[in-house]
Amino acid sequence: MSTSIEQSSAAPDTSAPSPNPLGGHEKQAPWVPWAMFGAAAVVALGFLLLTGWNVVLFVIYTVVLGTLGTYVLSRVTEGSRKAVDRLVTCLVVSAFGIAMVPLVSLVYEVVRRGAERFDGEFFTASLQGVIGPGGGAYHALMGTLIITLLTTLISVPIGLMTAIYLVEYGSGRLKRSITFLVDVMTGIPSIVAGLFAYALFVLIFGPGVRLGIMGAVALSVLMIPVVVRSAEEVLKLVPNELREAAYALGVPKWRTILKVVIPTAIAGLATGVTLAIARVIGETAPLLITVGITNALNFNAFDGRMATLPVYAYYQLTQPGVPPENAIDRAWTAALVLIMLVMGLNVVARLISRLFAPKTSR
């Protein structure tokens, strides 16, 4: 009898369901969703060829049909839980793709159009005496760098010290009031900052004044709250144990902040400052009011008008002259240089973050 039991237990189970031809029992092969979206693309292409071609509709139809097909097939072959998981995955990936479309399109268009005048003359010549082709944006590039440097020199000390006060010293009603004002300043329109700086300097120098330092003050109004908020969040991440250890050794509070807290948070502070600079380097409205535009080179921010890249691009596009093609090409190249400056600032922030981050050892 035992022999018959062993034989019956060793017999193969013929009642088990056969493997799923799409990739195994209750599991799809990795290529199935891609094949489904490929089939959806073919269907969308055929439909639009009959009704009228449109790239946007092609993408929408492909995403919708591919998502629905993947969900239905997964529900039939894998069950409801896996089908919902695949549906959410398709929605997340589709949202990412939709978000990337304007970014990639913008970068492609700016690079394509800006490369027309991306040459040595653009970076070494100004527009003084230039009518028609030629000329460059050397004066606007220098004006942007000078005004941004002055803005950073004004904003970073004020913003960092305000953040240190809020984290290390502030308490009660004064701290809440400062935090509220910083939050309000973060959301003010840039044109309001320009009007504030213009009104301030008009009271001192009279109407019609245009100075580079006015632009720096206007941009500082926009940059300071960004520095404060980012620095405040970074300083809060410093462990209290480090402060308490310094206090236990008899180190005064100001020296603890200077030698312990700030070096620990230097990577995050550098990143926050860089993001704040990137926030203001492309502002146009405040500089239109406070700095104006000029075709000549001016290194003195305290004497006369200065050109900046955003305002330069604005005037080249809105007042191109005849023929307009030359000025429009210069405007696109100025936009490309602005994007490169912002990208360069982010690269510098990453390098600073790696170099100055606290070293840990096991």
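How many salt bridges are there between domain 1 and domain 2? The count is zero, where a salt bridge is a side-chain nitrogen of Lys or Arg within 4 Å of a carboxyl oxygen of Asp or Glu. The views below come from a predicted model, in which local features need pLDDT of at least 70 and side-chain atom pairs count only at pLDDT 80 or more, while totals for chains, interfaces and linings use all residues. Residues are numbered from 1 along each chain as its sequence is written, and side-chain values use heavy atoms, leaving out hydrogens and water.

View 1. Domain 1 covers 27–116 and domain 2 covers 122–356, with bounds from an automatic or database domain assignment. Taken over C-alpha atoms, their centres are 40 Å apart.

**View 2. Where the domains touch.** Seven residues of domain 1 are in contact with seven residues of domain 2 (heavy atoms within 4.5 Å). The size of an interface is often given as the accessible area lost when the parts come together. Here the buried area is about 620 Å², and carbon and sulfur atoms give 75% of that (accessible area, 1.4 Å probe, lost by two parts on being put together, summed over both). Val 110, Arg 113 and Gly 114 supply 71% of what domain 1 buries against domain 2, more than any other three residues.

View 3. Look for Phe 47 and Tyr 61, an edge-to-face pair with 5.8 Å from centre to centre and 70 degrees between the planes. Rings of Phe, Tyr and Trp (its six-membered ring) pair if their centres lie within 6.5 Å, and planes over 60 degrees apart count as edge-to-face, under 30 as stacked and the rest as tilted. Phe 47 sits in helix H2 (residues 31–51) and Tyr 61 in helix H3 (residues 55–77), so the pair ties together parts 14 residues apart in sequence. Helices here are DSSP runs (H or I, at least four residues), numbered from the N terminus.

View 4. The side chains of Lys 82 and Asp 85 meet in a salt bridge, 3.9 Å from N to O. Both residues lie in helix H4 (residues 80–114), three residues apart, about one turn of the helix.

Note on methods:
Helices (H or I, at least four residues) and strands (E, at least two) are DSSP runs, numbered from the N terminus.
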